[in-house]
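This briefing is written for a reader who has the sequence and coordinates at hand. Please consult the structure below before turning to the points that follow.

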Amino acid sequence: MTDVTTLQQEIATEQQHVDRVYARVDELRRAAAQAEREGYRQASVGNFGALVERDAFVFHAARRRYLLDAEHEGLVFGRLDMHGGASFHVGRLGVRDEDAQPMVVDWRAPAAAAFYQATAAEPRGVIRRRMIQSSGVKVTGIEDDLLDPEAAPEQMRVVGDGALLASLSKATGHGMRDIVATIQREQDQAIRSPGGGVTVVSGGPGTGKTAVALHRAAYLLYSDRNRFAGGGILVVGPSTVFVEYIASVLPSLGEESATLRSLGSLVPGWSATRSDPGPVAAVKGSLRMRRVLERASHDAVPDGPTSLRLLYRGTLLQLDRAQLDRIRTRALPRGARRNEVRRVGFDGLFDALWAQLQEQRIPGLKKAEFEGELAGREDFRSFVKEWWPRLRPRHVLAWLADPARLRRYADGLLTPAEVRLLTGSFHPEDPTIADVALLDELDAQLGRPAQPSRAQRNQFEVARGVYELSTSTERARAARAAATARPDDYREYAHVVVDESQDVSPMQWRMLGRRGRLASWTVVGDPAQTAWTGDPTELDQSRDRALGSRARNVYTLTTNYRNSAEIFEVAAAEIRTIAPDLPLPTAVRSTGVPPVALTVPAGSLAATVHEAVEEQLGEVEGTVGVITAVPRVGEVAGWLADFDDPRLQVVTSLQAKGMEYDAVVLVAPSEIRAGGAAGVRTLYVALSRATQRLVTVEVSA
């Protein structure tokens with residue numbers, strides 16, 4: 001292997017162009033600022049015409065300066081290489097050099113349309129489409145789509161999935177070119193599926209499901225921008241590792257049009273990364289948890305007051321635990337939202353205390369007067385605050401950490417064995433991915449008390465009544481931003497993309513459904529890769545309820561172009577131990593390099609894994625993934641801590657879902673397999689992550 005990889009060389013090439021663009025932008029920014037200053041000086045002429053001219057001059061100069069400042073981050077995000085040798089870059093803003101030649105084409109310009117509209121079936125003159133990822137002004141990665149492999153010149157370098165298609169298309173014989181056409185046609189049909197309804201894309205490992213999902217998001221945003229950018233597109237993946245990966249692949253569109261979330265970060269305020277063991281996740285994901293949570297949300301507050309004693313005008317008023325429980329129960333019939341019916345609970349207290357007071361026959365006392373006096377007393381307000389506080393979902397989820405409460409809430413809903421599985425699994429300050437769906441369910445069950453409306457603050461106000469100088473363009477932009485700002489818990493998306501959908505539990509489908517009530521959907525997955533061990537019928541019903549009665553368009557991808565045939569043969573043999581008749585994709589690419597299977601004593605595992613990783617980093621130019629069972633991930637990461645190579649990533653077998661690596665070192669596959677059918681399916685996923693090299697390191701018995 002050369003010291004500099006093809007990827008690094010191509011990144012360096014793009015960096016050179018990006019550096020020139022930013023240097024030119026700095027020049028333009030200085031010129032705009034100078035023009036703005038010159039415009040203000042025109043007012044010295046003193047006549048009305050000069051003032052009008054000044055305003056127009058300053059307006060345009062300030063607008064240009066604002067755009068140059070606002071679009072600085074990730075300005076260049078794409079490149080198109082066309083037939084005939086022409087190429088150009090696409091970005092957030094059009095930039096020309098000193099000779100008025102385009103350095104960057106604005107993504108809104110007609111010339112840039114092919115960046116979003118070109119497909120393998122209809123290349124529109126595009127040979128290679130390159131997506132450029134940046135952090136600030138630094139190019140951090142590139143990903144190529146080879147849309148017309150036969151037209152690619154020999155010297156054209158292609159990275160990512162495009163490189164795989166290039167190698168397929170250049171193989172001898174027409175068979176391989178036919179396969180490339182099949183891959184492209186299958187993906188293109190799914191990408192260009194109608195924007196309404198539900199698009200379902202299924203396919204085995206390496207068939208390009210994720211690529212289809214992300215390109216579909218870009219296609220929808222371009223084809224009907226008002227609808228999909230206005231309402232927003234939500235892209236949901238199984239883990240934060242996966243979301244970070246797709247964030248580097250999804251082409252930027254010049255604004256925050258697509259929202260990327262993992263299942264553990266859909267609820268504002270939480271970003272869960274821990275996974276429960278499969279059986280525990282199956283119980284937490286079951287719809288029976290809805291009733292468990294409702295019982296919890298209607299229960300008495302732990303350590304709350306169990307009685308009320310008040311002296312009112314010489315009369316002792318008191319309510320015991322049983323009376324307080326009856327008042328709370330009457331105020332909370334099934335389906336009631338606790339935070340929204342607090343007033344009903346308070347009325348129950350007033351009624352019960354008033355009934356006691358009536359026995360004293362205080363002359364002239366009216367109930368409204370009694371309630372007003374009581375509400376003004378500090379001791380009564382303190383009791384009410386402790387007896388019926390405003391609850392947050394994390395408060396109620398914490399109650400399930402108490403074994404006695406958990407047994408009471410689950411009685412008749414969960415089996416004793418399931419209760420034992422859940423006992424000790426709730427840590428509200430550090431929830432698991434499955435817990436986040438429970439927090440969302442509790443949020444729906446508890447409701448939210450009405451909040452007083454707050455006047456929006458003028459962002460240009462630096463002190464009371466004092467405003468910073470701003471142009472009308474800046475004020476208009478600020479007004480538009482305020483009008484279109486979305487709340488943290490936005491639930492009116494125009495389109496929802498769900499990747500790795502086979503692992504979404506019934507409770508998670510409810511969480512997704514709340515955010516996609518108005519949306520069309522793209523649902524991508526592979527049933528053979530599912531880790532769900534719960535009731536499959538319940539899962540199907542929950543998914544159908546979330547998707548609603550919208551029309552379904554179903555597409556199946558049949559060609560595995562990512563795994564070499566040698567690697568996929570090992571993965572296929574694993575899944576066929578539990579599903580011998582399962583239709584699997586066809587792996588069409590052969591490298592002639594068989595996977596390596598090592599078996600070593602436990603004491604040699606760390607050293608062998610270290611050696612295998614070092615070897616793979618030298619064998620491949622791209623990424624190396626080390627995949628291990630969940631409990632081992634910290635230990636394995638420690639073994640490899642001395643590697644300072646950004647190409648290396650250590651992940652669990654669950655985090656590996658949806659990921660791909662040029663080489664994979666799989667640690668102790670038997671530990672992943674141990675768990676019945678779900679373990680076999682998880683191992684199948686892990687075995688099918690590599691594109692070029694696969695090494696398994698097993699521990700001898």
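The residues lining the second largest cavity divide into two nonpolar, eight polar and five charged. The model is a predicted one, and two cavities of 30 Å³ or more are counted in it. The points below begin with the second largest cavity, continue with the annotated binding site, and then turn to individual residues and to the chain as a whole.

**The second largest cavity**

- The second largest cavity holds about 140 Å³ of space.
- Its lining comprises 15 residues, and the closest to the cavity centre are Gly206, Lys209, Arg562, Gly658 and Arg689.
- Two secondary-structure elements, helix 6 (209-223) and strand 17 (559-564), each contribute at least two residues to this lining.
- At the level of domains, domain 2 (185-262 + 488-560) and domain 5 (565-699) each provide at least three residues of the lining.

**The annotated binding site**

- An unreviewed UniProt entry places the feature "binding site" at Gly203, Gly204, Pro205, Gly206, Thr207, Gly208, Lys209 and Thr210.
- Of these positions, Pro205, Gly206, Thr207, Gly208, Lys209 and Thr210 belong to the lining of the second largest cavity.
- Glycine 204 is located in the loop that runs between strand 7 (198-203) and helix 6.
- Glycine 204 counts as buried because its relative accessible area is 6%, under the 20% cut-off.
- Beyond its neighbours within four places in sequence, glycine 204 makes contact with Lys209, Asp526, Gln529, Leu557 and Pro585.
- Glycine 208 is likewise placed in the loop between strand 7 and helix 6.
- With a relative accessible area of 3%, glycine 208 is also buried.
- When residues up to four places away in sequence are not counted, glycine 208 touches Gln187, Leu557, Tyr561 and Arg562.

- Most residues other than glycine have a negative phi.
- Aspartate 303, which is not a glycine, has a positive phi of about 60°.
- This aspartate is found in the loop between helix 10 (289-297) and strand 10 (308-312).
- Is aspartate 303 buried or exposed? Aspartate 303 is exposed, since its relative accessible area is 85%, over the 50% cut-off.
- Glutamate 500 also has a positive phi, near 55°, and is a residue other than glycine.
- The position of glutamate 500 is in the loop between strand 14 (495-498) and helix 20 (506-515).
- In contrast to aspartate 303, which is exposed, glutamate 500 is buried, with a relative accessible area of 3%.

**Packing of helix 10**

- Helix 10 has as its buried residues Met289, Val292, Leu293, Glu294, Ala296 and Ser297.
- Which helices do the buried residues of helix 10 pack against? They pack against helix 9 (278-285), helix 15 (393-399), helix 16 (403-410), helix 17 (416-422), helix 18 (433-446) and helix 20.

- Phenylalanine 242 lies in helix 8 (residues 240-247).
- Its relative accessible area is 0%, so phenylalanine 242 counts as buried.
- Phenylalanine 242 and glutamate 660 are 418 residues apart in sequence, while their C-alpha atoms are 10.0 Å apart in space.
- Arginine 543 is part of helix 21 (residues 536-547).
- Arginine 543 counts as partly exposed because its relative accessibility is 25%, which falls between the 20% and 50% cut-offs.
- Arginine 543 and serine 501 are 42 residues apart along the chain, with a C-alpha separation of 9.4 Å.

**The protein as a whole**

- The protein contains 26 helices and 23 strands.
- Of its 701 residues, 52% count as buried.
- Among contacts between residues at least 6 apart in sequence, 74% join residues at least 24 apart.

Notes
Residues are numbered from 1 along each chain as its sequence is written. This is a predicted model: local features need pLDDT of at least 70, side-chain atom pairs count only at pLDDT 80 or more; totals for chains, interfaces and linings use all residues. Side-chain values use heavy atoms; hydrogens and water are left out. On a 1 Å grid over the protein atoms alone, a cavity is a set of points where a 1.4 Å probe fits but cannot get out, and a pocket is an open set with protein on both sides within 12 Å along at least five of seven lines; lining residues have an atom within 4 Å of a point. Grid points are joined across faces, edges and corners, and a volume is the space filled by probe spheres set on the points. Helices (H or I, at least four residues) and strands (E, at least two) are DSSP runs, numbered from the N terminus. Ala, Val, Leu, Ile, Met, Phe, Trp, Tyr, Cys and Pro count as nonpolar, Asp, Glu, Lys and Arg as charged, and the others, Gly among them, as polar. Domain bounds come from an automatic or database domain assignment. UniProt positions are given in the numbering used here, feature names are shortened, and annotations may be inferred rather than shown by experiment. Buried means under 20% relative accessible area, exposed over 50%, partly exposed in between (1.4 Å probe, protein chains only). Contact means heavy atoms within 4.5 Å.
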